[in-house]
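The tour goes stop by stop, and each stop names what to select.

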Amino acid sequence: MKIPVLLLCSAVTLTWGVAVKQSRKFPDGFIFGTSTASYQIEGAWNEDGKGENIWDYLTHTNPAAIEDQSSGDVACDSYHKYERDVEMMRELGIDSYRFSIAWSRILPNGLANNVNEAGVAYYNKLIDEIVKYNIEPMVTLYHWDLPQRLQDMGGWLNPLIADWFADYARVVFDRFGDRVKYFITFNEGAQICYEGYDWVTKAPRLNMSGIGEYICAKNLALAHAKAYHIYNDDYKPTQGGVCGYTIAVSSFVPLTDSDEDAYAAELVNQLQWGLYTDPIFSKDGGFPKELFDLVAKKSAAQGFPRSRLTDFTEEEKAYIRGTGDFFGVNHYSGSFASASLYTPQPPVPSPKDDIEIGQFAPDDWPQAASFWLKQMPDSIYIVLKNIQKRYGDVPIYITENGWSTHEGIEDEGRVAYYRAALESALDALDEGINLKGYYAWSLMDNFEWMAGYTERFGLYEVDFEDPERTRTPRKSAFIYKQIMKTRTIDHDYEPESYVMTIDEGH
Ligand SMILES: C[C@H]1O[C@@H](Oc2ccc([N+](=O)[O-])cc2)[C@H](O)[C@@H](O)[C@H]1O
């Protein structure tokens, strides 16, 4: 067995026998930012008319599902502390802030007949505060917090949800599009559909194995396309923004140079992201061919009269194709893919639809606090090349990238991860990949879904024992600030002190 050596594009060259670092610069106009999501930071779960969402429902009815039996009821309390959040953005000197809107905060029962003006007012205050300091807001319409009333009516399995989402999207564009120029419809299709309706690792935790994900994937694509067309036809001409889609993309590299392992890597890419993004970004539209054929074959062998993965009509394909102004990538890690070597060790994405593809993540890759997160060398470069190969020169934003620790201000693991990740992004830029920006996950510690508060991703530490939810910058905050300020990566830079200030102009 031959394990491929990854292409490591080194930033070190030899001059007169001495190793010197080339100081490569991020190009002018490259956007640096940080990301968060509503349920993970806002709290105020039932204040000022907000409706219940599927994470409120899950954490209240089944607290044991969450590792520390916690919830996002208060979280970072950003609903009340948003001014401090914006102050942190100014301290860091970010260009842009990605956050999400809680659907049930502005439409309490999910439907657009009843707009909660208090919820709208909260986002108006937040957006006004952001733009006041020349920070560009990037808004995700849906980061997993579906109004519970819509889930009661089937959630993402009910085809009517495409219209419910489109109506919600129209309210968002209408109320906030004068100041928001970057919209993302969905955060991570596979996590919404596969984890929510098959693997039961995310709300609503419905086990519709082998079919739930596929119904959801189709409804999600149609919902995205409807929202995109509304923006494109009714708002873009006057507001002039863009509307994209964000997906989790890991780097899957064939373990050997055999055809079987190449097929395994292709299939795992199709399972993780192609199922969601091919309908939007591929030349021909529709679901990925290999996966589509495989599910059809398996369905037939299982006695189903038709495939569990229902195809789009030609009209639907045409309606969805091309509905992405940019491709948002949430990238964290990767692994080798093998057709034969099945190694049930974390991180192992579940073999969806019983497709057993071996995932091989070497022991010597650094391990984060999250079981699924290992630091794969040069993985951003690999991922961006894969996307370019699949969809050409579509504009790409890395909308999330980050590293978890258990706690602590001296977060050397996160510092090393960010430096390596950004070097890898520079490698991709050097090769002309159309990468427009990079958002660190996350601005601050927050509610990490099923892991509760046991894993921390923040540039700022949050004290969840403190009613004030005090935020304190970690070492990584100073390192990221220095990178953004100089637009270069100085691997020797050490902060003089851990006192954060706002630089002139921010
Ligand atoms: C830590 C953040 O995780 C994001 O979700 C994913 C999903 C999939 C992978 N993956 O490696 O396959 C990584 C992260 C999520 O969007 C965000 O909210 C955070 O929880």
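For the class counts below, Ala, Val, Leu, Ile, Met, Phe, Trp, Tyr, Cys and Pro are taken as nonpolar, Asp, Glu, Lys and Arg as charged, and the others, Gly among them, as polar. By that scheme, the shell around the ligand has 7 nonpolar, 7 polar and 3 charged residues. Bear in mind throughout that this is a predicted model.

**Stop 1: the ligand**

Select the ligand and the 17 residues around it; Q40, H143, N187, E448 and W449 come nearest. Next, show the side chains of Q40, N187 and Q272 and look at their N or O atoms. In Q40, such an atom is 2.8 Å from an oxygen atom of the ligand. For N187 the distance from a ligand oxygen to a side-chain N or O atom is 3.0 Å, and for Q272 it is 3.3 Å. Taken alone, the ligand exposes 450 Å², and the protein buries 90% of that.

**Stop 2: an aromatic pair**

Which way do the rings of Y39 and F447 face each other? The structure holds 53 aromatic pairs, and this is one of them. Select both residues: the ring centres are 5.4 Å apart and the planes stand at 85°, so the pair is edge-to-face. Y39 lies in helix 1, while F447 belongs to the loop between strand 13 (435-441) and strand 14 (460-462), so the pair ties together parts that are 408 residues apart in sequence.

**Stop 3: the cavities**

How many cavities of 30 Å³ or more does a search of the whole structure find? The search gives 4.

Start with the largest cavity, which has a volume of about 70 Å³. Its lining has 15 residues; to find the centre, select I41, Y97, F99, Y122 and L126, which lie nearest to it. Then colour the elements that give two or more residues to this lining: helix 1 (38-41), helix 3 (78-92), strand 4 (96-100) and helix 5 (117-132). Helix 3 gives the most, with 4 residues. By class, the lining of the largest cavity consists of 9 nonpolar, 4 polar and 2 charged residues.

Move on to the second largest cavity, with about 60 Å³ of space.

**Stop 4: backbone details**

Most residues other than glycine have a negative phi, and most peptide bonds are trans.

- Select A203 and P204: the peptide bond between them is cis, with omega near 10°. P204 sits in the loop between helix 8 (189-197) and helix 9 (212-239).
- Select W441 and S442: this peptide bond is also cis, with omega near 20°. S442 is found in the loop between strand 13 and strand 14, the loop that also holds F447.
- Select Q69: its phi is near 55°, a positive value in a residue other than glycine. Q69 is placed in the loop between helix 2 (54-61) and helix 3.

Notes. Residues numbered from 1 in each chain as written. Predicted model: local features only at pLDDT ≥ 70, side-chain atom pairs only at ≥ 80, totals over all residues. Heavy atoms only, no water. 1 Å grid on protein atoms, 1.4 Å probe; cavity = no way out; pocket = protein on both sides within 12 Å on 5 of 7 lines; lining within 4 Å. Points joined across faces, edges and corners; volume = space filled by probe spheres on them. Near = heavy atom within 4 Å. Polar contact = N/O pair within 3.5 Å; in protein donor to acceptor, adjacent residues only side chain to side chain. Areas by Shrake-Rupley, 256 points an atom, 1.4 Å probe, with all protein chains shown as cover. Phe/Tyr/Trp six-rings, centres within 6.5 Å; stacked < 30°, edge-to-face > 60°.
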